[in-house]
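Here is a short briefing on a protein model. Have the sequence and the 3D view open while you read.

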Amino acid sequence: MSGLLRQARLVGRLAETGALDEALRTAAEANPVAVIIAGDAGIGKSRLAAEVCSRAAAEGWQPLSAGCIDLAEGSVPYLALVDALRSLTAEELPPVLEHWRRGEIEQATTQLSPDTARGRVYAAYLDLLRAKSAEAPLALIVEDVHWADRATRDLLSYLIRGLGTPQFQARIFVLLTYRSDELTRTSPIRSWLSELLRLPGVSRLNLGPLDQAAVIAQLASLGNFDLRQAGEIYRRSEGNPFYVEELAAIWSEGELRVPEAVRNLADVRVGQLEPQARDLVRLLAAVGRPATFELLDVLSSDSTGELLGALHAAVDSGILTVGRATSTYRFRHALFAEAVLDQFLPGERAAVHGIIAAVLAQRPDLSTGPGELGYHQAAVGDLQAALVSYLAAAEEAERVYAFGEAGQYLERVLELWARVPEAAERAGRSRGNVLAAAGEHVGRVGDFDRAVAFATAALAEPEIAGGPERGAELCQRIARYHLQDGNGPAAFVAYQAAAALLDSAPQARGRSRLAAEHALALGIWGRNDEAVTQAERALRLAAAEGDLAARGLALNASGVAHVSVGWIEDGEPDFREALDLARAHGSHEDIGRAMLNLGHLLLCAGRNEECLELSEAAISENEASGLDLRRGAINRNNASQALFALGRWDEAIAQTDIVRSRIEFRFAGRMAYTIRARMATARGEDELAASLLSWVEADGQGRGEPDIVAYWWLVVAESAAWAGRYDDGRAAIADGLELVTGNDALSTARLCAVGLRLEADRCISAHARRARSEGAAARQRADELAAAAANVVGRGEIEAWAAQARAEYLRLGTSNPSQLISEWAGVRDCWRSLRQPYPEAYASLRVAEAELAAGDRRAAAAELSSAATLAEQLGANPLAALIADVARRGGIEAVPTQGSDGLTPREREILTQVLAGASNRDIAKALFISPKTVSVHVSALLRKFGVSGRGDLIAAAHSSDFRPPSSSRH
């Protein structure tokens, strides 16, 4: 029967295999797909994954497969994803991955921060998958992710997000499986999977029980069962394929004690083994992971012949199976291991753990690492040895950038600390140092509340409480944790505590760096006067200490404060000197910070081409160094805002999509979602905009950088303005201005301009409806907004928004069309000089309205024609509709409108080339644009036609109303 069990065919999964076949076909067309298979234990997830792997391999796919393991000691960082690379030679791997796979530190990363070094590994893994998929389609299959450690989850998230970016086409299929019955409501795995399932290209496949017909078909492949037996097995198994096989095996062997409750099946199967085989499986269950023959041979008291006999019996019975790729023995199903562990008596289990601990201590080559040794030592009560082993495990996890696991091991050390005599001597470090290190590790994986708790506890330890410099360092760390968690006020308190401690130590160094950090945080949170004062102090201290890095940081802080209040000409020299210092004497972090801040200045100045050039240079530098994570994400946000301003919306969308798909959802991600929502609003994609905004929880109570939160309110207000939701828009403007008035000139000018548009529209609507009180309230609110806008000082885009605010105010307060024409023409010309077509088109619309009021229909027609052309090119549908409405009301015809196909002129050109069979490179050459830009437009076309591949796009275009433009270039 055991042989039949291994040959049981897949039944009852026709719909599921069809869905997976379709996913493979989609991925084969360079549209990466990820599928997550969910189901209870024994439901057939592994069998289905094996079927997919087999089908893919038969069609020439490269399978990289591995599984997560329920390790007794907790976790081995990245185990599954390291194991997935086992078929690749060292020559096929980039050096950074080969060192990481071996648990070594690459020499090139020693000068990088741990976060940056981890980013290089993640980027290298993603690049490896893409490169391999260029040779042949690639399937990455990771089973049992309900047991995945934090590091594996983080890397899988990065890979799946990265593969989903539009620019990077790759023939990659990712398949994950997990036991849904393993996850509690509060499980971190559950929230992680939920985040993955919100990404584009990721779907879940739920496996349910087999129906009776499928169970009968399964039994037919296992032996001869009549309908009565089949019906009884179906009833007891409830359609679970694993239980079907086990019940069939017991029944066919003449066992009369077939259990009524399926949970007892494993007990019965194990109980049928001979004593030697039963002892062997008990030993393997205590080991807690798949084991090699060598390990079992060392652990077992049997002779080699007796051990082989026991192994044959356990494998033949279907309880154990052999992992051919890894040469290990493991339980065929986790339910068997659970049943065996439940049979141990307390003293018996400790004795087995003692044997395992002794062997692994003598033979570390047979262990997965010191964490495994520590687990068995702790289980047997050798807490002193376990403490030392867990410390070693934390260091090993840190070496491979598994910071979450390193923190977990240090938590185990802290749990043992009070129970181990002279723990500090045995550990070679104090409890305070362990607490501080644990805080640093959990902070690196975004668990900032616990990071603060660990660091705060460390501050109370005697050896730290008595040393002001060490205490100041920990207060500074606490401030950084609060900053990363979006809690500026708490960070400022921590910075002040750190400064007070350093002031109590006359010879202490580091004051300049601390003051500069504090100043930069104050500037980011809009406390500009304090930021300037603190930055000036930091510059004095940096000069006294000779700390050029601190000077660069202080210059960044000074520049941020100047730009925030609109003094762009004062901020630019600060940033440029900071960048020069960073290139001469600083680190990657210092260079990246200066480039980011300079890019933001250029945005505020309306110098979008310069901002784009700088941001692309920064992105290229980061990618060349494998550092395109957090800094790269913010650079891409700067680039996306510049592209949006320049009217290159598809390229801007592509940049935000990269950020949204490739980093954890923090400030860079929040900003990317909000920028993307703004573009969706401008194009009239209201449902998409609402969905994107819902991802970003706006909190105006001090958590979250004010400029990011204010931008969120701006987009909410713009959406309300287009929809005529005046109350929603007014509330959004009020909330945004509460955060930034007096602290952020650009945000204030934007919010005032949009707010005045809302009040002007409302006043006009109220007048038409004779709602006098509503109109009076709108005028009163407009007066307040106009006063706020009048206090804004700045050049470039700040100046343009302030001018637009004044022009919007005139829509309420003047009946003189000439004055309106003059004001709005000035706004139009300002936006035109900044090369920003979207607000230019809007201003042209307002000029036309005023000209119609003055009776100059010819001039109005020219303005409307210009505005409509720009709106069509951008795909700005709400604006185009408003332009058409004004033209209709003014009796003006022949205003261009977007084609019925909904495509921009550039998209029509590119689609024409695609229909002619041109490649992206051919199209780029013909249209004098880059291949990357072509890829962006092709992705937009796929989205608009609702297809996933180039072939489907061609078919959809031929069956649509699309007609190639007569002026297309070939």
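## An enclosed strand and its surroundings

Strand β4 (residues 172-179) is largely enclosed by the rest of the structure, because eight of its eight residues are buried. The model is predicted.

- Ile172, Val174, Leu176 and Tyr178 point one way from β4, and all are buried.
- Phe173, Leu175, Thr177 and Arg179 point the other way from β4, and they are buried too.
- In a regular strand, side chains alternate between the two faces of the sheet.
- Strand β1 (residues 33-39) runs parallel to β4, and seven bridges join the two.
- Val33 has Phe173 as its bridge partner in β4.
- Strand β3 (residues 138-143) also runs parallel to β4, joined to β4 by five bridges.
- Opposite Leu140 stands Val174 of β4.

**A three-stranded open sheet**

- The strand order is β6-β8-β7, the sheet is open, and the pairing is antiparallel.
- β6 (291-292) and β7 (320-323) are the edge strands, each pairing on one side only.
- Four bridges link β7 to strand β8 (residues 328-331) in the antiparallel sense.
- Thr328 in β8 stands opposite Gly323.
- Helix α15 (residues 304-316) lies across β7 and β8. The angle between α15 and β7 is about 105°.
- Strands of a sheet pair through backbone hydrogen bonds, in either a parallel or an antiparallel sense.

**Cavities**

- Rolling a probe the size of a water molecule over the atoms shows where empty space is left.
- Five cavities of 30 Å³ or more are present in the structure.
- The largest cavity has a volume of about 340 Å³.
- This largest cavity is lined by 22 residues. Arg678, Glu718, Trp801, Tyr838 and Pro839 are the closest of them to its centre.

**Cysteines**

- How many disulfides does the structure hold? The count is zero.
- A disulfide is a covalent bond between the sulfur atoms of two cysteines.
- Cys752 counts as buried because its relative accessibility is 0%.
- Cys475 is buried as well, with a relative accessible area of 9%.

- Glu572 lies in helix α30 (residues 568-585).
- Is Glu572 buried or exposed? At 17% relative accessibility, Glu572 counts as buried, because the cut-off for buried is under 20%.
- Beyond its neighbours within four places in sequence, Glu572 is in contact with Leu598, Leu601 and Arg607.
- Ala862 sits in helix α44 (residues 857-874).
- Ala862 counts as partly exposed, because its relative accessibility is 49%.
- In sequence, Ala862 and Ala848 are 14 residues apart. In space, their C-alpha atoms are 8.1 Å apart.

Notes. Residues are numbered from 1 along each chain as its sequence is written. This is a predicted model: local features need pLDDT of at least 70, side-chain atom pairs count only at pLDDT 80 or more; totals for chains, interfaces and linings use all residues. Side-chain values use heavy atoms; hydrogens and water are left out. A disulfide is a pair of cysteine sulfur atoms within 2.5 Å. Buried means under 20% relative accessible area, exposed over 50%, partly exposed in between (1.4 Å probe, protein chains only). Two strands pair if DSSP finds at least two bridges between them. Contact means heavy atoms within 4.5 Å. Axes are lines fitted to C-alpha atoms, for helices over the stretch in contact, and angles run from 0 to 180 degrees between N-to-C directions. On a 1 Å grid over the protein atoms alone, a cavity is a set of points where a 1.4 Å probe fits but cannot get out, and a pocket is an open set with protein on both sides within 12 Å along at least five of seven lines; lining residues have an atom within 4 Å of a point. Grid points are joined across faces, edges and corners, and a volume is the space filled by probe spheres set on the points.
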